[in-house]
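Hello,

Here is the structure we spoke about. My notes follow below it.

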Amino acid sequence: MSSILKTEQSTSSQGFRKTGEQAISQTPLHPRRRSRRIMVGPVPVGGGAPISVQSMTNTVTADINATLQQIAELAAAGCDIVRVAVPSQDDADALPIIAKKSPIPVIADIHFQSKYVFQAIDAGCAAVRVNPGNIRKFDQVGPDICKAATDAGISLRIGVNAGSLDKDIYARYGGPTPEALVASALKEAHMFEDVGFHDFKISVKHHDPVTTVQTYRLLASKGDWPLHLGVTEAGPSWQGTIKSCLAFGALLAEGIGDTIRVSLSAPPVEEVKVGCKILEYLGLRQRHFDIISCPSCGRAQVDVIELAKEVTEGLKDITAPIRVAVMGCIVNGPGEAREADLGVASGNGKGQIIIKGKVVQTVPEDQIVPTLLERAKEIAAQMDAKAAVQGETLPEVGPMVVPVTGRAS
């Protein structure tokens, strides 16, 4: 029995949520790159599977309650796979409980100490992230790691970062160039494949989005490994979001990438929110609540910035794919509002509430927000009811858990 099949059978009864739709695995911009499929617990990665969103806890993993609480928050935000750091024995000792109780698959993130890799596998983690470049004596322990992973039916991730590039490769290429990062990744991939292990994905991260794009393009041309996209050390929230959108947008629009992690110097939940929205706006994930609002300008007759902020906050828990337009003047307002499920065109101290292109109500300015929120929740409830009548559920925010009968190309 293949390790993929064993993974699915061994984890399918653990209560992982099943989310999303297989049908959203293609971007309208470009065919997906052909890659082989691996499993991270019950979540398929590669082989055309829906692109999953990952994040990493920033708690001390040994603090089991805090770590599980943060994982629950990440899952609620749409995270599909979570990584936890394992720098100490106490962290490794906490893995069995965390892996068992987590609502989403857990990846153990391990550097330097190979013994923690084996403990993570024994603990029931869905996968392990290793960086062979900084695992002591990896040439000796690598085959044993691959055998243990195969026996347990789990996958691995090779993580190559610009900051931890092998010294010899760094010197040969004169720095962490795309060619250097790919050379390192190929060396490590062949190390696994030479002992017959193929259930792994690869990341080649750099802090510069242009270098990141060039590196993943080059790596994608070298083989069919599933690719984990990331811009490492991307910076604080606003800067890291821009970097990630640039790199992921370019790569995903070319069909490159099978799972993503947005790295921000911000709470992990923010990483998940950005990652989900990147996929939504590229047509790779079903759209949820979306707001259209005009920029602040001299034509605006209401405080559009505050209005949009209040509406967004009031509807943050809506999961139905409702689009709300918040417009501040009569130039684009009526037209944009007509294109949305619900909208308001504001001016002269009042707002016209528009549903599916028709003005249904005019309210004073101080009633715009409560009226929009009330109407939006009514429409969302109608969407939920319609889906229920049709025997469906509105798509959630992660990849579908799908049966795997063999490797997908």
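This is a predicted model: local features need pLDDT of at least 70, side-chain atom pairs count only at pLDDT 80 or more; totals for chains, interfaces and linings use all residues.

Glu280 counts as buried because its relative accessibility is 9%, where buried means under 20% relative accessible area, exposed over 50% and partly exposed in between (1.4 Å probe, protein chains only). Its side chain meets that of Lys277 in a salt bridge of 3.0 Å, N to O; the term stands for a side-chain nitrogen of Lys or Arg within 4 Å of a carboxyl oxygen of Asp or Glu. Lys277 is partly exposed at 25%.

Residues are numbered from 1 along each chain as its sequence is written, and side-chain values use heavy atoms, without hydrogens and water.

The structure holds 16 salt bridges. One of them joins the side chains of Asp224 and Arg36 (3.0 Å, N to O). Asp224 sits in the loop between helix H8 and strand S9, and Arg36 in the loop between helix H1 and strand S1, so the pair ties together parts 188 residues apart in sequence. Arg36 is buried at 8%, whereas Asp224 is partly exposed at 35%.

In helix H11, Glu306 and Lys309 lie 3 residues apart, about one turn. They form a salt bridge with closest N and O atoms 3.9 Å apart.

Regards

How values were computed. Helices (H or I, at least four residues) and strands (E, at least two) are DSSP runs, numbered from the N terminus.
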